[in-house]
Amino acid sequence: MRSHWSNRWAFIMATAGSAVGLGNIWKFPYMAGTSGGSAFVLVYLLCVALIGLPLMMTEVMLGRRAQKNPVDGMAHLAAEAGATQVWKGIGYLGIAAGILILSFYSVVAGWVLAYGMRAAAGGFAGMAADQAQQQFAAFLGNPVELLLWHSVFMFLTMAVVARGVTSGLERANRIMMPGLMIILLILLGYSLAVGDIRRSLEFMFRPDFSSITPAAVLSAMGHSFFTLSLGMGAVMVYGSYLQRHVSIARASFYIVLTDTAIALVAGVTIFAIVFANGMEPAAGPGLIFQTLPIAFGQMPAGTLFATLFFVLVAFAAWTSSISLVEPAVSWLVENTRFRRRQAALLVGGTIWLLGLAVLLSFNVWSEIKLFGLTIFEQLDKLTTNVMLPLGGLLMALFAVWVMRAAHAQEELALNDRHYRRWLFVTRYVAPAAIVLVFLNLAGWLPFV
Ligand code: TRP
């Protein structure tokens with residue numbers, strides 16, 4: 001008998017803990033900034049509502065039905081439906097995606113740790129925009145410091161995964177997540193008081209269809225998968241621990257809502273600071289590290305809030321990164337003779353090494369380009385824009401074309417109208433949208 005979450009909130013908190021992370025605080029604002037602001041935000045919101053929510057339900061449903069890690073789970077579900085074992089490929093694709101994502105995720109989480117230390121040392125007091133930019137550039141230019149923090153973060157992640165006890169982390173999550181929300185609201189309050197909130201809202205929400213390019217659409221769709229942790233099997237694993245009687249639809253709705261709200265608040269706050277200080281929204285991956293120190297440096301009790309903020313973001317990244325490696329480690333433990341510690345060491349070591357290439361691509365190797373992109377950019381694009389949507393597409397197709405309808409219906413336990421809606425979206429809308437976005441870019445994808 002598998003152990004299960006103690007109640008529905010435990011599942012919601014854990015899955016939201018996986019979803020809320022660097023994707024919301026770091027990636028969403030910088031992607032919106034480089035991909036045309038409101039155009040990106042609009043497509044992102046559409047993707048979250050039309051693809052993300054139904055797919056969240058689908059992935060949870062597959063996990064709860066399978067009661068196993070993604071590879072063996074898909075094998076079991078395929079056998080149950082009398083279909084080919086090739087569907088196991090979804091599990092392998094997810095394991096690979098998780099490893100590749102964590103290799104750059106951990107490097108950026110390292111930046112957050114480093115900035116937390118600087119904040120605690122009072123390093124942001126009275127900082128101006130150009131100073132913040134110079135400081136970040138100097139930081140990125142120092143591979144030794146990046147290596148140190150990447151290593152610390154990987155160690156923290158693998159230490160939890162090696163023990164296989166996430167329960168302590170879950171309990172901490174219950175304090176940290178609301179903590180992060182509160183401090184974000186404090187930052188938002190600061191932005192309302194002294195930032196350029198009007199331009200920020202315009203930038204993010206005034207429709208401007210001229211900047212909707214095929215590339216921006218793909219980035220926005222990919223990001224909707226990334227930020228919700230979809231298409232990789234992480235949600236499937238969490239779903240496999242969900243008790244029978246819990247409503248999948250309602251739980252999914254809360255998770256998606258929380259994740260989206262946090263991203264939007266972070267975005268509005270950061271762009272208000274960007275515009276008030278005459279900075280560039282398109283600064284790229286350094287955006288929050290170049291803007292937030294200015295805000296913290298000016299506000300009362302800024303050192304305290306800044307330290308708390310970076311600690312809480314690091315914590316959010318930690319709960320996310322565990323869900324990125326857990327499928328790989330649990331698959332190794334259940335299918336090879338490795339014990340959990342050894343499996344964690346092997347997977348963690350591989351990711352740490354890949355992370356070295358990523359952090360060097362910000363300095364020493366910044367001129368090394370694969371099809372026009374640095375190693376960091378290429379890994380990000382490959383996973384976010386290709387592997388996750390592909391994984392999600394295959395899960396959706398499996399759920400509606402391969403799995404027996406009665407089984408899906410039994411898990412989802414929706415009333416007739418809602419079930420038909422889920423079926424329609426999962427059968428036609430989501431697959432068509434993903435395929436169209438892919439095709440639209442077929443001639444353009446940077447790594448082809
Ligand atoms: N969603 C997390 C974030 O936004 C990152 C993440 C965790 C993830 N697990 C995942 C992304 C699985 C894709 C797949 O920070």
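**Reading the ligand site and one serine**

Reply: Happy to! A backbone N or O atom of leucine 22 lies 3.1 Å from an oxygen atom of the ligand. That is a polar contact (a pair of N or O atoms within 3.5 Å; within protein, one must be able to donate a hydrogen and the other to accept it, and residues adjacent in sequence count only if both atoms are side-chain atoms). This is a predicted model, where local features need pLDDT of at least 70, side-chain atom pairs count only at pLDDT 80 or more, and totals for chains, interfaces and linings use all residues. Residues are numbered from 1 along each chain as its sequence is written, and side-chain values use heavy atoms, with hydrogens and water left out.

Me: Is serine 330 buried or exposed?

Reply: Buried means under 20% relative accessible area, exposed over 50%, partly exposed in between (1.4 Å probe, protein chains only). Serine 330 counts as buried because its relative accessibility is 7%.

Me: What does the side chain of serine 330 reach?

Reply: The backbone oxygen of proline 327, at 3.3 Å. Contact means heavy atoms within 4.5 Å. Leaving aside neighbours within four places in sequence, serine 330 is in contact with Asn69 and Arg340.
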